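Please examine the structure shown here together with its sequence.

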Amino acid sequence: MNLIVTSSRHLEDEAAQEITTILESFGDNNSKINITNLSGIVTCITTLEPFSVIKKIQEKILEEPWSMRYCHRIIPIQETVITEKQNIVNSVLNHAKIMRIEDTYRITVEKRHSAISTKEIIDAIADKIDNKVSLERFDWIILVEILGNKTGISILKENDILST
């Protein structure tokens, strides 16, 4: 998965159709959309670069605000791993190279259908990154999206997540 889409409960089918239509309008006629068994969560695999998809959707909403009715949040995912602490830490460290030494960060763990400890994940990541943590005035978000046995990882700026 390289996009996670949230919707209202029981409107996952409508959100899946909406994101499919949007991706097709950007030129991806082969996206794979999965309505998960998690309420309000749809995952996507698009051939397009996920961060550029977010930017294009933001532009589209400015021009046509009515074009997004069912998708509430769209989150770009850089890598998907099996939900195990070491896999998550390794992926974060691989992608965290984008941060400069003076940059600050926060870690956000969104956990659904998993018993893995949020605190353990945060501690394991924070122990390996030398940058300063800032929960309120941060340059980067280290986002860990746990969806059962799959986890999406992204290192992103706050405006990289689309929220309607």
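The text below turns to charged side chains, then to aromatic rings, and then to a pocket. The model is a predicted one, and every value given here is computed from it.

The charged side chains come first. How many salt bridges does the count give? The count comes to 8 salt bridges. One of them is formed by the side chains of Lys85 and Glu120, with a distance of 3.9 Å from N to O. Lys85 belongs to helix α3, which covers residues 85-95, and Glu120 belongs to helix α4, which covers residues 118-128, so this pair ties together parts that lie 35 residues apart in sequence.

Another salt bridge joins the side chains of Asp103 and Arg100, at 3.0 Å from N to O. Arg100, in contrast, counts as exposed at 51% relative accessibility, since the cut-off for exposed is over 50%.

Glu110 is partly exposed, with a relative accessible area of 23%.

The aromatic rings are the next topic. The count of aromatic pairs comes to 0. A ring can also meet a charge, however, and Trp140 provides a case: the charged end of Lys157 sits over the ring of Trp140, 4.1 Å from the ring centre.

The last topic is empty space. Rolling a probe the size of a water molecule over the atoms shows where such space is left. The largest pocket holds about 280 Å³ of space. Which residues lie nearest its centre? Among the 15 residues that line the largest pocket, Met1, Asn34, Thr36, Thr43 and Lys150 lie nearest the centre. Two elements, β2 (32-35) and β3 (41-45), each give two or more residues to this lining. By class, the lining consists of 6 nonpolar, 7 polar and 2 charged residues.

Methods:
Residues are numbered from 1 along each chain as its sequence is written. This is a predicted model: local features need pLDDT of at least 70, side-chain atom pairs count only at pLDDT 80 or more; totals for chains, interfaces and linings use all residues. Side-chain values use heavy atoms; hydrogens and water are left out. A salt bridge is a side-chain nitrogen of Lys or Arg within 4 Å of a carboxyl oxygen of Asp or Glu. Helices (H or I, at least four residues) and strands (E, at least two) are DSSP runs, numbered from the N terminus. Buried means under 20% relative accessible area, exposed over 50%, partly exposed in between (1.4 Å probe, protein chains only). Rings of Phe, Tyr and Trp (its six-membered ring) pair if their centres lie within 6.5 Å; planes under 30 degrees apart count as stacked, over 60 as edge-to-face and the rest as tilted. A charge sits over a ring if NZ of Lys or CZ of Arg is within 6 Å of the ring centre and within 35 degrees of the ring normal. On a 1 Å grid over the protein atoms alone, a cavity is a set of points where a 1.4 Å probe fits but cannot get out, and a pocket is an open set with protein on both sides within 12 Å along at least five of seven lines; lining residues have an atom within 4 Å of a point. Grid points are joined across faces, edges and corners, and a volume is the space filled by probe spheres set on the points. Ala, Val, Leu, Ile, Met, Phe, Trp, Tyr, Cys and Pro count as nonpolar, Asp, Glu, Lys and Arg as charged, and the others, Gly among them, as polar.
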